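Visitor: I would like to learn how to read a few features of this model. Please take them one at a time.

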Amino acid sequence: MTTDTIRVTLKAPDGQEVQLWAPVGKRLWDVIAGSGWYSRGSCGGQGTCGKCKVKVEGPVSALTASEHDQLMPDELRSSWRLACAARAEGDVTVYMDRALDAGPGKGKISLLQRMAPDSSYIRNINLLIPGQQPDYPRPLWDRLQSALPEGVRLAVSLDDLRELNALDRPNRPALELQGLLVGDELCRIGTRRQQQRLLGLALDVGSTSLLAVMADLESGEIVGINSRTNMQRVYGEDIISRISYGMEQPQGHTLLHQILVNQLNGMSAELLPLAGENAAVMKICAVGNPVMLHFLLGLPVNGFAAAPYNGIFSGALECKAADADLDADALAQLYIPPQLGGFVGADAAAGLLALPPGEEDKYMFIDIGTNGEIVLYHEGRYYAASAAAGPAFEGAGITCGMRAAAGAIDHWHMEEGRLVPAVIGGGPVKGICGSGLIELLALLLDEGLIDGHGIISESAAAYELAPEGTRGRCLVLVAAEDNAGMNITIDQEDIRNLQMSKSALRTAIELLLQDAKLRAEQLNRIYLAGVFGSCISSEAAVRIGLLPDVKRERIINIGNAAAVGALKLLLGDGEREAAANVRRDCTAVELANKRDFQQRFIENLDFPAAPAGKAAL
């Protein structure tokens, strides 16, 4: 962990807790949302509803005016804060006992919640075998086999047999043994006094970020959560660039595989001490888009370079974790759930498992990222598509864009006619992250600083940097003299890049609705998944046309649903059938093959007109 990273402990009412790492100055609302937990509130973290109340211990930012207005005096004295206003400035503990409800009609969607395992695939068992009796000699192997549950066979190592044989003296009383059962095989046996703690690892392997959740396979307890930026980005911000690198450079795909597994192994190594002594990772479930899963397994990605964009595998896959170079017990298995087709991967299938079953008959699941994944559910069928949105909304390709870290602008508001940023960490501004870019576009539109075509208008003169550069007009959002000598700007080319990303996602949404013969207003829910999806303002996303104009209460930020689904698959063997059913009932839609794709994409580059009653200045 870097010195700019602090520990945030989220504690549930039953005493269960999980530890997360976040940049100094990160809003508690964003940390909670990124964990997969629903922080109560209806304004999308904008600070207007006053419902995301949490109790905080540890160093946090000063109370804001909205907190003074919306919190009772007793709450202020007892360290209650609004999660959308408070920023962590050091290691903090956040008590979740007043932020446990999910949204209207929703069940809990949380990595904090202990999941009751329903898997019997791997478990510890106790055995009692009789000692050698001179009047009734029986081989050690036979006595072991007779002590096993019905249907279980011995598959122990020769080393285990040698160890037991050294203890198995004539006239010795019965031996109390501990064994490890994997499927229908007893794979290990010994006289260990302390039973080994069996751990599982759920991995969300994203093109931009990586997340690891470690859990106890027998109790379901969450041991810890760790996240990192995917360092493959050095070789390409998007998956297309990485495919090219993997194919064109000698041993390119091998290098990208090694970078990935080295990071994942490092994340696991940081979590393992939290489980205590004598613990081992015995099972791994990994989800991600198809390209990232091929990199994880060290498989060539050539099939994704051209139509029909098929990889080496698309169904569920299971192999030894060691075969993928993942650090785990020698017996550990790696399971990857089925992909949904094209560039829609196992992360989308897993994310759907995190949704409350049977509650909505028409919904859309959207994971906004470099490779946007959209799944529409209607009348028992799933329609899935990927949108090559590119990394613009994650800060790449934007002059002052950056990921959500200390120094990033993640939100904006207007004050006395000027754009005022909220900065992670509260210090000098280094750039603008994705949620800040979306809100910035919405405010630029509302204030008339850009028009519906995304062109910076004449009325933006007060913000304009002169002379005009090769990237078109440039707006100074934070002046150098107010920011340690660094201008924070957005220019015409930045806005064009953001428009391209916005249009790719919006066009995918419209074409899926068209295939299902639905209108956007007929959707019961739009679920925004992923850490980024949980941080954006639904109001701003609708304003810029990223999302269709539906009732705001129908847009639900659900956090990292892919990680929650991976955790469910890790702890419950029955979830594998559910994932298989999603794949069976899913139609993969290739957007580029649609006759009206190009026309819709061009139309969606424009921003929608200002809503009634909200005229631009």
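Guide: Start with glutamate 416, which lies in the loop between β19 and β20. Helices (H or I, at least four residues) and strands (E, at least two) are DSSP runs, numbered from the N terminus. The model is predicted: local features need pLDDT of at least 70, side-chain atom pairs count only at pLDDT 80 or more, and totals for chains, interfaces and linings use all residues. Residues are numbered from 1 along each chain as its sequence is written, and side-chain values use heavy atoms, with hydrogens and water left out.

Visitor: Is glutamate 416 buried or exposed?

Guide: Buried means under 20% relative accessible area, exposed over 50%, and partly exposed in between (1.4 Å probe, protein chains only). Glutamate 416 has a relative accessible area of 79%, so it is exposed.

Visitor: How many bridges join β19 to β20?

Guide: Strands of a sheet pair through backbone hydrogen bonds, either parallel or antiparallel. Two strands pair if DSSP finds at least two bridges between them. Here 6 bridges join β19 to β20 (residues 418–423), and the two run antiparallel. Glutamate 415 is opposite arginine 418 of β20. β19 also pairs with β21 (residues 431–432), in the parallel sense, over 2 bridges. There, alanine 408 has glycine 431 as its bridge partner.

Visitor: What is the strand order in the open sheet of 5 strands?

Guide: The order is β2-β1-β5-β3-β4, with mixed pairing. At the edges are β2 (17–23) and β4 (80–82), each pairing on one side only. Within this sheet, β1 (residues 5–11) and β2 run antiparallel and are joined by 7 bridges; threonine 9 stands opposite glutamine 19 in β2.

Visitor: How should I read helix α7 and its crossing with α8?

Guide: An α-helix has 3.6 residues a turn, so residues three or four places apart point the same way. Helix α7 (residues 252–271) has 20 residues. Its buried residues include Leu256, Leu260, Leu264 and Leu271. For a crossing, axes are lines fitted to C-alpha atoms, for helices over the stretch in contact, and angles run from 0 to 180 degrees between N-to-C directions. The axes of α7 and α8 (residues 290–297) come within 7 Å and cross at roughly 85 degrees. Angles of 65 to 115 degrees count as roughly perpendicular, under 35 as roughly parallel, over 145 as roughly antiparallel and the rest as oblique, so α7 is roughly perpendicular to α8. Contact means heavy atoms within 4.5 Å; among the residues making it are His253 and Leu256 of α7 and Met292 and Phe295 of α8.

Visitor: Which side chain makes a polar contact with threonine 399?

Guide: A polar contact is a pair of N or O atoms within 3.5 Å; within protein, one must be able to donate a hydrogen and the other to accept it, and residues adjacent in sequence count only if both atoms are side-chain atoms. The side chain of threonine 399 is joined to that of aspartate 491 at 3.1 Å. Threonine 399 is in the loop between β18 (381–387) and β19 (408–415). Likewise, arginine 188, in strand β9 (residues 185–190), has a side-chain polar contact of 2.7 Å with aspartate 329.

Methods: The expected span of a helix is 1.5 Å times one less than its number of residues.
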